[in-house]
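Dear colleague,

Please find below the structure that I am handing over to you. My notes on what was found in it follow directly after.

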Amino acid sequence: MSAEGPTSSTEPPPPRRPKVIKTNQQQVFLYVVLTLLLSLATVWAGRTWVHNSETLTFAVGSPNGDEALFANKLATLLKNNGSRFRIKIVNNPDNAKAIAQFDHRQADLAILRTDAKVPVRARALALLEHDFVLLLGPGNKKIKSLAELKKKKVAVFADSESSLVFVRSLLDIAPDSPDAAKIQMAPQGTTLDKLFAPASGFSAVIAIVHASRAVRDKAYEQVAKRGGFTLNAIDEAKALALKFPGISDETLTAGTLSASPEIPDDDLDTIGLEWLLVAQSKMSGTTAGDIARIVYENKSALGLDNGFATHIEPASVEKDAYVMAHQGAADYINDDTKSFMDKYSDMMYLGAAALSVIGSIFAAIYAKITRIAPEKASELSTAILCIGERIEHAHSLDQLECLQDELESILRGAVIGLRDGTISTDGLDTFKLGYEFVRDEIGMRRDYLKRHANELEKGTRQALPPPHDDTNVVAVKTAQSA
């Protein structure tokens with residue numbers, strides 16, 4: 001007989017399932033948006049890195065000068081071809097001012113002639129043009145050497161005042177000497193006929209002309225037919241080239257200036273100057289190499305109608321060149337340019353590593369906010385301890401069995417959760433300790449209730465009176481007196 005008392009339902013409660021952290025839909029949406037933005041930013045950054053435009057300042061002389069016209073053609077070519085380079089042209093009163101601007105690092109590109117003062121940081125990208133120095137005498141007059149022209153009136157037939165300075169230095173005439181005044185620039189628009197006329201008083205004409213223009217200029221042929229001049233050799237060409245590093249010794253082949261009559265009638269020695277497209281030494285090798293490549297590959301498109309830059313040549317890559325070639329241009333000329341993979345493989349590997357790290361971070365964030373977060377096994381210990389606190393209030397075996405069922409339900413749920421991954425092993429030892437402790441408490445309480453029930457039943461039997469025995473009862477009839 002069991003002690004009376006309130007009993008719980010004998011039906012075991014359903015297994016306790018671990019608590020699940022529900023996915024935050026707003027966080028998921030935000031993550032998707034951020035992922036898309038990151039992808040777009042990555043693509044945009046890569047496209048910008050590859051195709052980002054680079055503006056280069058090009059210092060030139062007057063807008064109508066050959067340098068300015070060439071710069072405009074180069075700028076138009078780059079724009080029409082969709083190049084990443086853009087040219088900003090800055091005009092100056094003359095080319096000397098443009099070179100000074102370049103020397104002050106206010107320009108990335110410039111065009112200089114080798115008789116000019118070359119800036120220390122100038123590096124050659126391409127040879128645009130040759131200039132011939134032509135020593136012309138009136139009529140049939142022969143000029144044996146440049147030394148003959150000292151103290152004589154000489155006309156300088158050229159495009160710029162810089163040529164006047166060059167001729168005076170060539171003749172070894174000081175700028176402040178009386179003889180310097182005799183070396184004069186030919187008036188703009190004048191012709192060779194007028195310069196050779198007796199009224200002009202010039203003993204000689206030194207013409208500094210672009211080689212590409214000289215071969216197509218019919219003026220020499222027309223003047224020659226009228227017996228207007230004699231082309232003289234400069235026999236000291238090699239000596240002058242050694243004396244002035246910017247000067248080159250040149251050879252005019254027969255018929256260069258005129259085919260009929262043939263001028264010169266035989267190969268003739270003279271001197272020349274070079275026009276160089278130069279860049280700042282600090283310009284990156286990639287940029288310099290790309291500009292050089294564009295110039296070389298588009299020579300026909302960059303030549304001017306007057307002949308300037310119609311025979312573009314690679315810059316000299318020799319170490320003793322008057323203007324050293326830029327390393328980027330030298331690599332292209334020597335075919336030492338690296339491929340895209342060679343140049344950017346290291347950056348691509350670094351970028352891939354960086355993207356891997358970023359991807360891992362975002363994957364972790366995604367997993368954190370979207371996956372079902374497993375409940376720690378140690379958190380189930382709280383429910384077990386709650387059962388343990390109710391054990392002392394169980395006054396019957398039925399109540400104790402209900403607690404036992406709850407305990408087993410928690411254990412069964414934990415096993416299922418560990419299998420499904422919804423419960424982590426974090427704190428599993430604590431869970432096991434709590435389970436064993438409560439299980440033993442239930443066992444001890446069960447033993448106690450069983451002993452208490454036996455003792456109660458035994459005490460009840462001793463308190464009851466013995467049963468009535470009718471075996472010794474004698475029925476006596478009482479006589480009723482009449």
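Is L146 buried or exposed? L146 is buried, because its relative accessible area is 6%; buried means under 20% relative accessible area, exposed over 50%, and partly exposed in between, with a 1.4 Å probe and protein chains only.

Before going further, please note that this is a predicted model, in which local features need pLDDT of at least 70 and side-chain atom pairs count only at pLDDT 80 or more, while totals for chains, interfaces and linings use all residues. Residues are numbered from 1 along each chain as its sequence is written, and side-chain values use heavy atoms, with hydrogens and water left out.

The loop between β4 and β5

L146 is found in the loop between β4 and β5. Setting aside neighbours within four places in sequence, L146 is in contact (heavy atoms within 4.5 Å) with L135, L170, L171, I234, E236 and L240.

E148 has its place in the loop between β4 (122-138) and β5 (154-157). E148 is partly exposed, with a relative accessible area of 29%. The C-alpha atoms of E148 and S203 are separated by 9.9 Å, and the two residues are 55 apart along the chain.

K151 also lies in the loop between β4 and β5, and K151 is exposed, with a relative accessible area of 57%.

Backbone features

Most residues other than glycine have a negative phi, and most peptide bonds are trans. K151 is not a glycine, but has a positive phi of about 70 degrees. D172 is not a glycine either, and has a positive phi of about 60 degrees. D172 sits in the loop between α4 and β6 (183-185) and is exposed, at 52% relative accessible area.

The bond from S260 to P261 is cis, with omega near -5 degrees, and P261 is in the loop between β10 (258-259) and β11 (262-263). The bond from I263 to P264 is cis, with omega near -10 degrees, and P264 is in the loop between β11 and β12 (268-280).

The chain and its cores

The protein chain has 15 helices and 15 strands; these are DSSP runs numbered from the N terminus, with helices being H or I of at least four residues and strands E of at least two. Of its 482 residues, 39% count as buried. Among contacts between residues at least 6 apart in sequence, 76% join residues at least 24 apart.

A nonpolar core is a set of buried Ala, Val, Leu, Ile, Met, Phe, Trp, Tyr and Cys residues joined through side-chain atoms within 4.5 Å. The largest one has 49 residues, of which F58, F70, L128, V295 and I312 touch the most other members. To this core α2 gives the most, with seven residues. A second, separate core of 26 residues includes A158, F166, M185 and I208. Not counting residues up to four places away in sequence, F58 touches several residues, among them F70, A71, L74 and L277.

Yours sincerely
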